[in-house]
Amino acid sequence: MRSRSNNTGFKIWISSIPTTRTTITIFLVLSLSYSLIHSSSSSSSPAPPPLPILPIPNAFQLQWQLTNMALFFHFGINTFTNSEWGSGHVDPTTFNPTQFNASQWIRVAKDSGFSRVLITAKHHDGFCLWPSHYTDYSVRSTHWRNGEGDVVSDLAVAAKEGGVGLGIYLSPWDRHENCYGKTVEYNEFYLAQMTELLTRYGEIKDVFLDGAKGEGEKDMKYFFESWFSLIHQLQPGAAIFSDDGPDTRWVGNEGGAAGSTCWSLFNRSAAGIGRVDFDSKYQSEGDPLGPEWVPALCDVSIRPGWFWHASEHPKSARTLLNIYYKSVGRNCLLLLNVPPNSSGIISAEDIQVLKEFSDLRDSIFSHNLATNAILNASSTRGGIHDSRFSPYNVLKEGIHTYWAPEENQTSWTLYINLEELVSFNVLQVQEPIQMGQRVIEFHLEALNQGGVWNRVANGTTIGYKRLLLFPQVKSQYLKLVVDKSRAEPLVSYLGIYMDPVTILSDIHDEKLVGPFNGSQVLRTRSTTYNNSHIATM
């Protein structure tokens with residue numbers, strides 16, 4: 001908490017604004033607002049925290065969101081056959097990663113800023129990277145390590161030693177097993193293999209399922225609810241991913257881009273796993289009326305394919321940064337696939353791109369230009385002397401401290417005095433999502449040299465993290481204004497940054513989810529509005 005009081009900070013903030021006819025008007029309005037705020041807090045007992053607004057995340061959903069990014073390792077028979085979807089009938093001895101090194105995979109993940117990894121324990125071809133008791137189509141039938149190897153085990157040990165969370169992908173579609181297509185028999189087989197994976201290798205953080213299946217394949221009914229129940233029974237802290245949850249959902253495309261509006265709220269009954277008629281817009285944007293908390297995951301591969309191919313090369317670090325803005329910067333987790341090569345290690349060119357991507361993120365986001373700012377708010381819950389809900393909380397990293405306004409207000413604004421002219425083009429805002437996702441629309445204003453407030457960025461949802469990129473601005477005085485919210489808005493973090501690398505036009509993805517920073521008209525519901533009138537461009 002800054003030692004300077006809100007009272008002192010407010011006077012400094014006001015007195016340092018250049019005096020013009022426009023700013024005199026602003027000064028009078030803000031002074032009146034401040035006087036009302038200052039006189040409103042006379043209660044002797046502290047105000048309790050505001051009520052959460054449902055739905056809210058559970059403990060492992062919170063932990064999942066806090067990780068921001070995870071690496072996906074697509075590895076198996078396909079790695080050696082230059083294919084993406086294997087037939088299920090390739091000779092298992094084809095699998096022979098002579099330099100396999102799970103510790104290298106984990107080291108690459110950690111060095112690049114990823115704290116979770118997932119492995120394709122079984123892809124659609126049915127080949128298992130662990131010695132399953134229920135099939136002969138596994139590492140046990142290879143010459144690799146004389147049939148004694150276990151990729152999943154090695155990765156689990158390396159992940160535990162490295163402090164990295166481990167997740168598994170077990171494909172429902174199996175092109176090898178004869179029982180596929182026999183409803184009861186295959187569901188029993190699948191659950192038996194899932195049990196092996198969830199009971200042999202320690203803590204599993206993620207279980208990844210999908211509905212992929214080729215045209216003309218056998219009809220198959222999966223007992224998804226039984227699967228989900230068993231997974232949560234055996235690994236209570238595991239987040240289950242599928243097209244529609246139950247814990248995390250697919251964003252609806254494999255380009256790594258969420259909607260510019262992205263709610264963690266969702267209605268699972270409106271979606272479905274593997275549906276050919278799925279609504280990609282609904283998957284991408286979520287549902288402001290959704291009764292369940294099911295945050296979105298953005299999956300994308302660093303290479304054109306999901307498995308390694310000698311003829312393919314990785315995306316550039318700048319491309320990955322663009323994807324970061326459209327995934328992590330839109331309230332999602334980024335699942336970046338980095339396929340190990342046929343030697344069993346991650347290729348040097350992929351490692352180089354990951355390092356450059358990490359360096360880019362550090363160069364932009366390691367220093368918040370608002371760190372030493374003077375902050376004030378249109379109101380503060382409990383009054384300006386209650387530091388638990390102070391506007392200065394937005395300069396502390398983490399979601400468990402936050403600025404909260406008083407109840408029943410008609411305007412919600414954070415005033416930021418950077419104490420000097422600063423050039424910037426990125427805004428980061430975060431909500432304390434353990435209290436529910438609240439903000440529907442917000443914007444940022446900057447005071448120009450002539451004393452006029454200009455709107456420089458518009459946003460819709462915030463959620464765990466929102467990043468807005470806009471044309472470069474130079475200003476000392478800013479206002480973050482929440483225009484529309486499901487309840488009193490809460491802000492846990494605010495950051496101002498300069499990105500000298502990204503070209504604004506590169507952050508458009510209209511074919512997928514609409515323009516960056518775009519606003520979305522929401523269905524009618526009971527909503528709290530900010531009715532304040534402000535000067536904009």
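I started with Pro 246, which sits in the loop between β5 (239–242) and β6 (248–250). This is a predicted model, and in it the peptide bond from Gly 245 to Pro 246 is cis, with omega near 25°. I found another cis bond joining Leu 54 and Pro 55, with omega about 0°. Pro 55 is in the loop between α2 (21–40) and α3 (59–66).

Next I looked up phi. Most residues other than glycine have a negative phi, but Asn 68 has a positive one of about 70°. I placed Asn 68 in the loop between α3 and β1. Asn 408 also has a positive phi, about 60°, and lies in the loop between β11 (374–377) and β12 (412–430).

Buried or exposed: which is Asn 68, and which is Asn 408? Asn 68 has 16% relative accessibility, so I log it as buried. Asn 408 comes out at 71%, so that one is exposed.

Then I checked α5 (residues 102–111). Asn 101 caps its N-terminal end, with a side-chain oxygen 3.1 Å from the backbone nitrogen of Ser 103. After α5 comes Gly 113, with a positive phi near 90°. Buried residues of α5 include Trp 105 and Ile 106, and the buried set packs against β1, β2, α6 and α11.

Last, I took α10 and α11. Their axes come within 8 Å and cross at roughly 55°, so I note the pair as oblique. The crossing is right-handed. The residues of this contact divide into ten nonpolar, no polar and three charged; among them are Leu 320 and Tyr 324 in α10 and Phe 357 and Leu 360 in α11.

Technical notes: Residues numbered from 1 in each chain as written. Predicted model: local features only at pLDDT ≥ 70, side-chain atom pairs only at ≥ 80, totals over all residues. Heavy atoms only, no water. Buried < 20%, exposed > 50% of the residue type's maximum accessible area, 1.4 Å probe, protein only. Helix = DSSP H or I, 4+ residues; strand = E, 2+ residues; numbered from the N terminus. Contact = heavy atoms within 4.5 Å. Polar contact = N/O pair within 3.5 Å; in protein donor to acceptor, adjacent residues only side chain to side chain. Axes fitted to C-alpha atoms, helices over the stretch in contact; angles between N-to-C directions. Parallel < 35°, antiparallel > 145°, perpendicular 65-115°, else oblique. Left-handed = near helix turned anticlockwise from the far one by under 90°. Nonpolar A, V, L, I, M, F, W, Y, C, P; charged D, E, K, R; others polar.
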